[in-house]
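Student: I have a new protein model open and would like to learn how to read it. Could we go through it feature by feature?

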Amino acid sequence: MFPFDSLFSTQGVMVMLLVAYAGAMWMFLSSAPKVFTLMVSDIKVAQEFYEQDLQLPVADIPLHYYHNYEQTLGLSSLDPIYMPTTLNNPGNAALGSQADGLWYQLKKNVQLHVIPGASVGKRNQQRHVCFDRECLEQILRRVQSRYVKFKVRQEKPMNFLVKTYDGRVIEMTEVETA
């Protein structure tokens, strides 16, 4: 027979609580959406592109996501004068919560986090930069399904141009990490 005394002892209760906690954490983390982060040169242009041209649904910020992305990008130690203008521009206060980025649902359990910080490309064209190829592949599939004009310039690292419905050219580029 199983000794019930050891099950309801202090040690037994602690083990049961730890097992329950581990199960709850596993369920929480396994249901959390995958998040891709994309840096853009102009957050307003990006919002128009993703909401109007690609018609991506706006998503809620996932609970597990760390909101202070400036620290995760290593920008917290930089003097604000060296930060891109989109991050330290007081005019971004008008964007409200958009200064922290935009959130879109790419697929059922995949979200896109759009943040400012990329430089403007050649001929003053918009640039969207990502460190994850899978993210850009999903965006390219969405571009193709919405019949938005595009041109793949390079496969590795991935680089393609998109022409929005209002005539802007956006360069989508993958940044390879060494």
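This is a predicted model: local features need pLDDT of at least 70, side-chain atom pairs count only at pLDDT 80 or more; totals for chains, interfaces and linings use all residues.

Student: How many helices and strands does the protein have?

Tutor: There are 6 helices and 7 strands. Read from the N terminus, their order is α-α-β-α-α-α-β-β-β-α-β-β-β.

Student: What share of the residues is buried?

Tutor: A residue is called buried when its relative accessible area is under 20%. Of the 178 residues in this protein, 38% are buried. As for the surface, the protein exposes about 11400 Å², and carbon and sulfur atoms supply 57% of that area.

Student: And what share of the contacts joins residues at least 24 apart?

Tutor: Start with contacts between residues at least 6 apart in sequence; of these, 64% join residues at least 24 apart.

Student: Let's look at one residue. Where does S41 lie?

Tutor: S41 sits in the loop that runs between β1 (34–40) and α3 (43–53).

Student: Is S41 buried or exposed?

Tutor: Its relative accessibility is 7%, so S41 counts as buried.

Student: Which side chain does the side chain of S41 contact?

Tutor: For a polar contact, look for a pair of N or O atoms within 3.5 Å. The side chain of S41 makes such a contact with the side chain of Q126, at 3.0 Å. A polar atom of the S41 side chain also lies 3.0 Å from the backbone nitrogen of R127.

Student: Now the aromatic rings, please. How many aromatic pairs are there?

Tutor: Rings pair if their centres lie within 6.5 Å, and the count comes to 2 aromatic pairs. One of them joins F49 and Y50: the ring centres are 4.9 Å apart and the planes meet at 70 degrees, so this pair is edge-to-face.

Student: Why do F49 and Y50 count as buried?

Tutor: F49 counts as buried because its relative accessibility is 1%. Y50 is buried too, because its value is 0%.

Student: What kind of aromatic pair do Y50 and Y104 form?

Tutor: A tilted one, with 5.8 Å from centre to centre and 35 degrees between the planes. This pair links distant parts of the chain: Y50 belongs to helix α3 and Y104 to strand β2 (residues 102–107), 54 residues apart. Y50 and Y104 are both buried.

Student: Which residues form the aromatic cluster?

Tutor: F49, Y50 and Y104 form one cluster.

How values were computed
Residues are numbered from 1 along each chain as its sequence is written. Side-chain values use heavy atoms; hydrogens and water are left out. Helices (H or I, at least four residues) and strands (E, at least two) are DSSP runs, numbered from the N terminus. Buried means under 20% relative accessible area, exposed over 50%, partly exposed in between (1.4 Å probe, protein chains only). Contact means heavy atoms within 4.5 Å. Accessible areas come from the Shrake-Rupley method with a 1.4 Å probe; for residues, only the protein chains shown count as cover. A polar contact is a pair of N or O atoms within 3.5 Å; within protein, one must be able to donate a hydrogen and the other to accept it, and residues adjacent in sequence count only if both atoms are side-chain atoms. Rings of Phe, Tyr and Trp (its six-membered ring) pair if their centres lie within 6.5 Å; planes under 30 degrees apart count as stacked, over 60 as edge-to-face and the rest as tilted.
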